[in-house]
Amino acid sequence: MSRRSFLHYTGLAAVSTPLLAACGGQGGGGAAAGGKGLSMQLGFLLDNGQLGEAVALGKGWYADNGIDFSFKPGGPSIDGIAMVAGGQSQVGQVSSSPSLMLAVSQGVPIKAFAAGVQQHPYAYFSRPEKPVRTPADLAGKKVGVQATGKVLMSALLAKNGIPEKEVEVVAVGADVTPLTTGQVDVWTGWLSNVAALRPLNGRYVAMRLWDAGIRLYANPYYATTRTLEQDSAKLQKFVSATAAGWKYARENVDEAVALLVKNAPTLKAADMKAQAEVLLKYTFDQTTAAQGWGAMDKTLWQQQLDMWAQLKQFKGTPPTVDKVATTAVLDATAGTRPKLG
């Protein structure tokens, strides 16, 4: 399973209390401070979402900054957030921002410090014969949603004032077959997942969750509060090198893909290039043109928190923005992060 199976990693399967205890509770990140090593724990298998890191690693830019960088791929049996909270890795990345909000609400001592993708490419796909172009078009439709994506469906309907009873939600997997065979009218996935969408032969209509009013960050980076406090200089160097890697990847996609595949030989270069070309459109936008790669907006974080609170996704009091995200690392690297849109 990869980042393309987005819904498994929206944070709906949250970290348990016993696991928190095993991770050392509020302290966390025992191995984070000091030393040259910096491993990045993924919540998925390595793929096109790590193009910038693959470039920075391959070009020696991490080493130039005194960082011994390594990837730690995730997967369905690996709880990446728990690994970072427990100190096995110094930074982590998840597919979408709600996973971090939910983890923090349960007492996990982590914070987001940069956004890998500004506008989430998650979308609702339909056929041209029965198009869904706006949320209102969902009424009366069968919508294929991966099991843990129901909350996103609920958020979308609530945001747009559509009663849930007007939409029939059908459980589907990561394969688009239910849409191609007419079992559902709508199927959900990432716009960058070119391989999964291939059976549609380009004949589809896509409505992005972002455009429908639910604005999530994709691929946010996070670390424990202890790492952010005690090893901020290393994180700043990591962000600067990673930002340079993404700038280079944007301008040299073929070379970036080759460096990525070098780290994960099972990946198909052609697929990675096609997917990267889509993902890069959402990685760099008007926000990054003004504020640089990785920028985050606390107002957008607050909107996400408010929606998840409205949907009663938090146990107890919802966390504040400052508990979930910090711009300290971004502020310190403002002069080194490329401003491209």
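Okay, housekeeping. The model is predicted, so local features need pLDDT of at least 70 and side-chain atom pairs count only at pLDDT 80 or more, while totals for chains, interfaces and linings use all residues. Residues are numbered from 1 along each chain as its sequence is written, and side-chain values use heavy atoms, with hydrogens and water left out.

Let's begin with the sheet. Five strands make an open sheet, ordered β7-β6-β8-β5-β9, with mixed pairing. Strands here are DSSP E runs of at least two residues, helices are H or I runs of at least four, and both are numbered from the N terminus. Two strands pair if DSSP finds at least two bridges between them. The edges are β7 and β9 (205-208), each with a single partner strand, so one side of each has no neighbour in the sheet. On average, neighbouring strands are turned by 30° against each other, direction ignored. Strand β5 (residues 122-126) runs antiparallel to β9, and four bridges join them; S126, for one, has V205 in β9 as its bridge partner.

Across β5, β6 (142-145), β7 and β9 lies helix α6 (residues 150-159), at about 85° to β5. Axes are lines fitted to C-alpha atoms, for helices over the stretch in contact, and angles run from 0 to 180 degrees between N-to-C directions.

Next, the loop between β7 (168-171) and α7 (177-180), where V172 sits. Buried or exposed? V172 counts as buried, at 14% relative accessibility; buried means under 20% relative accessible area, exposed over 50%, partly exposed in between, with a 1.4 Å probe and protein chains only. Beyond four places in sequence, V172 touches G144, V145, Q146, A147, P178, V184 and W187. Contact, by the way, means heavy atoms within 4.5 Å.

Now the helix pair. The axes of α10 (residues 232-251) and α11 (residues 253-263) come within 5 Å and cross at roughly 120°. That makes the two oblique, since under 35 degrees is roughly parallel, over 145 roughly antiparallel, 65 to 115 roughly perpendicular, and the rest oblique. Y248, A249, R250 and E251 in α10 meet V253, E255 and A256 in α11.

Last stop: T333, after α16 (328-332). T333 is buried at 2% and touches Q236, V239 and S240, sequence neighbours up to four places away aside. A114 itself is in strand β4 (residues 110-117), buried at 0%.
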